[in-house]
Amino acid sequence: MDRLRPRQRQRQRAAFSGFTKPEIKKMEKFLMKSRELLLSKEFCKKMARNFSSSAGRAGKPIIKWTKVQSWFLARLQESASKVPSLTDTSKTESRISETCPLDDGPQIPQILKVGEKIPDLSGLEFEARSSKDGAWYDVDTFLTQRHLGSGEPEVLVRFVGFGADEDEWVNVKKAVRHRSIPFQHSECNKVMVGDLVLCLQEKRDQLIYYDVHVNGVERKTHDIRGCRCIFLIRYDHDGSEERVRLRRLFYIRGQEIG
C-alpha cells in the first residue's frame with residue numbers, strides 16, 4: 001500500500017523561491033486542507049500543471065510538483081511550533097472529557113453512526129494502524145463498529161486522503177489512539193533509551209509513520225537550528241534500525257517516557 005501520511009513536523013527543506021505572488025496566495029488558501037491532500041503526489045502534480053500553464057508564468061520556468069510539495073512541507077514545518085507541548089495537554093484533556101468510551105479502548109467521540117465525521121478539533125484527532133503495512137494513518141471517519149466473538153471491539157475506519165477501497169476494520173484497543181504530537185526541541189531530554197515513540201520514516205516519495213523503540217541516544221549541544229541530538233531507533237514492524245533527529249519523533253499520547 002503506497003500511502004503518504006504527512007504530519008506537522010516534516011522533512012525540513014528550503015521553500016522554493018520561484019513562485020509568483022498569485023501562486024503563493026493560491027497555495028496559502030489550501031493550507032486549511034488536510035495534510036494528506038497537501039502532500040499527495042496527485043494533488044501537487046495537479047497544482048504544478050495549473051501553475052505552469054497559467055498566463056502569469058509565461059516566460060518563467062515550469063513548476064515541478066516536488067517544488068509544490070516542498071513548499072507545503074516547509075509551511076507545515078513552521079506550523080509545528082504551534083502544536084502544544086506534550087506537557088501542556090490540559091485543553092486537550094478537557095475536550096476529550098466530552099467524549100464517551102468504547103469498552104476499554106481510547107476515548108472515541110460518539111460518532112460510531114455510519115458516515116458521521118470526527119469533529120475538526122486538534123485535540124480530538126485520531127490515528128489508526130493499518131494491518132496492511134503496520135503504519136499509522138490519520139483517521140477521517142469512524143464508519144461503524146462491531147464486536148468479535150472474543151468480545152474485542154473493532155471499528156471500520158476511513159483514512160484521511162483515501163477512498164472506500166482503503167477502509168479497514170481495526171481493533172479499538174490495539175490499533176486506535178489519539179493522534180501523536182511532535183516533540184519540541186526543548187523536550188529531547190524526555191526521550192530515553194527504551195521509550196516507545198512514533199517515527200516518521202522517510203523514503204523516496206514516501207513519508208510513513210511507524211512505532212519505534214529508542215535503542216540509544218547521542219546527546220549534542222543545541223544550536224540555532226534547535227536539537228541536534230541523535231537517536232538510534234528500532235522499527236517495531238520489521239526490526240530495522242536507523243539514526244534520526246528529534247524532528248522525526250512524535251510523542252504517543254498516554255505513553256510513559258523518560
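Glutamine 69 is found in helix α4 (residues 65-79); helices (H or I, at least four residues) and strands (E, at least two) are DSSP runs, numbered from the N terminus. At 12% relative accessibility, glutamine 69 counts as buried, where buried means under 20% relative accessible area, exposed over 50%, and partly exposed in between (1.4 Å probe, protein chains only). The side chain of glutamine 69 reaches the backbone oxygen of leucine 39 at 2.8 Å. The model is a predicted one, in which local features need pLDDT of at least 70 and side-chain atom pairs count only at pLDDT 80 or more, while totals for chains, interfaces and linings use all residues. Residues are numbered from 1 along each chain as its sequence is written, and side-chain values use heavy atoms, with hydrogens and water left out.

The protein has six helices and 13 strands. Of its 258 residues, 47% are buried. Among contacts (heavy atoms within 4.5 Å) with a separation of 6 or more, 61% are between residues 24 or more positions apart.

A nonpolar core is taken as a set of buried Ala, Val, Leu, Ile, Met, Phe, Trp, Tyr and Cys residues joined through side-chain atoms within 4.5 Å. The largest such core has 33 residues, and those with the most contacts inside it are Val157, Phe231, Ile233 and Leu249. At least two residues of this core come from each of β3 (126-129), β4 (136-147), β5 (153-159), α6 (172-175), β9 (196-203), β10 (206-218), β11 (230-235) and β13 (249-251). The most is given by β10, with four residues. Domain 2 (126-178) and domain 3 (181-251) both give residues to this core, so it lies between them; the domain bounds come from an automatic or database domain assignment. A second, separate core of 24 residues includes Phe43, Cys44, Phe72 and Tyr209. Not counting residues up to four places away in sequence, leucine 249 touches Pro182, Phe183, Val197, Leu198, Cys199, Phe231, Ile233 and Val244.

A search of the whole structure finds 15 salt bridges, each defined as a side-chain nitrogen of Lys or Arg within 4 Å of a carboxyl oxygen of Asp or Glu. Arginine 177 forms one with glutamate 127, with the closest N and O atoms 2.7 Å apart. Because arginine 177 lies in strand β7 (residues 176-178) and glutamate 127 in strand β3, the pair ties together parts that are 50 residues apart in sequence. Both arginine 177 and glutamate 127 are buried.

Aspartate 167 forms a salt bridge with arginine 158, the closest N and O atoms again being 2.7 Å apart. Aspartate 167 is buried, with a relative accessible area of 17%, whereas arginine 158 is partly exposed at 25%. In the salt bridge between aspartate 223 and arginine 228, the closest N and O atoms are 4.0 Å apart. Here aspartate 223 is partly exposed, with a relative accessible area of 33%, and arginine 228 is buried at 17%. Salt bridges that share partners join Glu202, Glu242, Arg247 and Arg248 into one network.

Aspartate 195 lies in the loop between β8 (181-182) and β9. This residue is buried yet has no salt bridge, and the nearest side chain of opposite charge, arginine 219, is 7.3 Å away; Lys and Arg count as positive and Asp and Glu as negative, with His and the chain ends not counted. A polar atom of the aspartate 195 side chain lies 2.7 Å from the backbone nitrogen of methionine 192.

Notes. A polar contact is a pair of N or O atoms within 3.5 Å; within protein, one must be able to donate a hydrogen and the other to accept it, and residues adjacent in sequence count only if both atoms are side-chain atoms.
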